[in-house]
Amino acid sequence: MASTTCWDCGQVAHMTPVEGAAVVKTADFFRHRVMGCFRCDGCGAFNIAIALGNPKSSDSALAWLAGRKKLEWVPKEPKKLQIKPFPDVPTPIAAAATEAYTCRLGNNCRAAVLLARSVIEATAKDKGITKKTLIAKIDAMLEQGLIRPHVRDGAHEVRYLGNEMAHGDLAQSVSPADADLVLTLMSEVLDDVYESPARVERAKAGREARQLQADQLAALAQGKPLPAVSPAVASILQAWSQGAVPGQQPTRPSASRQAKPSSDQGSS
Ligand SMILES: [Zn+2]
């Protein structure tokens, strides 16, 4: 009984022999490369089994392969999809986006696409876009500068595929590759709207924090009042004092240990 992890659906499945086998000669008279075509019982995709050996004939090669314990299978299983973290996305939207990935990992590709469509719609609503249709909401995100033109086009592709299912056209099959692409396009929308701006804000706050430390040291040296600290900079300084800044760790000037920056010092 031949079984393997199917390259297409990612499930460990029994492989049923179907017609099609070849005995490819090698330099070794007794051991040729025997190849046969099998169908995944899970998703129906073809998987090819290969083994070295010498079956009696090409006709018997498939049965010979099916009886082997050790087989090489091609294509190889694709790299496992990783669930992408969404640290800067509002919790309900991030949870739905993560759930879309979880659906895909469970091979529930239609559910993954439907959730991805919902995530894009929820993102527009979160940004105050109340237009009636998803097509108008996506276009409004571009008009408001929330997403770039090619990301808008990607969002529409998610909408096209998601619409068919949302409107009851379930005859449309969704392959794992389709679902993977949809998840990538959904993630790009979240990156443009939330994650990329948050990264830029962290970089700006980090730069301001470094400048503030320099200003504080200068003020201390000159006996002047300490400069004011904005909440964003205060949180960066606090993270530094705990030894970490998520995603970015600016070099702390060694003299900074002498300064005691905090948000309530500035106005004194
Ligand atoms: Zn399969």
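Helices here are DSSP runs of H or I with at least four residues, strands are runs of E with at least two, and both are numbered from the N terminus. With that in hand, let's walk through this model, which is a predicted one.

Start with the overall layout. The protein has seven helices and five strands, and reading from the N terminus the order is β-β-β-β-α-β-α-α-α-α-α-α. Of the 268 residues, 27% are buried. If you take the contacts with a separation of 6 or more, 59% of them link residues 24 or more positions apart.

Now for the inside. Nonpolar side chains tend to be buried together in soluble globular proteins. In this model the largest nonpolar core has 34 residues, and the members touching the most others are Ala 100, Ala 112, Val 113, Ala 116, Ile 120, Val 182 and Met 186. At least two residues of this core come from each of helix H2 (91-105), helix H3 (109-126), helix H4 (134-143), helix H5 (149-166) and helix H6 (176-222). Another core, of 13 residues, lies apart from the largest one, and its members include Val 34, Ala 49, Ala 61 and Trp 64.

Lys 70 sits in the loop that runs between helix H1 (61-66) and strand S5 (72-74). Even so, its C-alpha is 9.0 Å from that of Ala 2, a residue 68 positions away along the chain. Pro 149, in helix H5, also counts as exposed, because its C-beta neighbours inside 10 Å number 8. Between the C-alpha atoms of Pro 149 and Asp 139, ten residues apart along the chain, the separation is 9.2 Å.

Most peptide bonds are trans, and most residues other than glycine have a negative phi. The bond from Val 74 to Pro 75, though, is cis, with omega near -10 degrees, and Pro 75 belongs to the loop between S5 and H2. Asn 107 is not a glycine, yet its phi is positive, at about 65 degrees. You'll find Asn 107 in the loop between H2 and H3. So is it buried, exposed or something in between? Asn 107 comes out as partly exposed, because 17 other C-beta atoms lie within 10 Å.

Notes. Residues are numbered from 1 along each chain as its sequence is written. This is a predicted model: local features need pLDDT of at least 70, side-chain atom pairs count only at pLDDT 80 or more; totals for chains, interfaces and linings use all residues. A nonpolar core is a set of buried Ala, Val, Leu, Ile, Met, Phe, Trp, Tyr and Cys residues joined through C-beta atoms within 7 Å. A residue is buried if 20 or more other C-beta atoms lie within 10 Å of its own, exposed if 12 or fewer, and partly exposed in between; C-beta atoms are placed from the backbone. Two residues are in contact if their C-beta atoms, placed from the backbone, lie within 7 Å.
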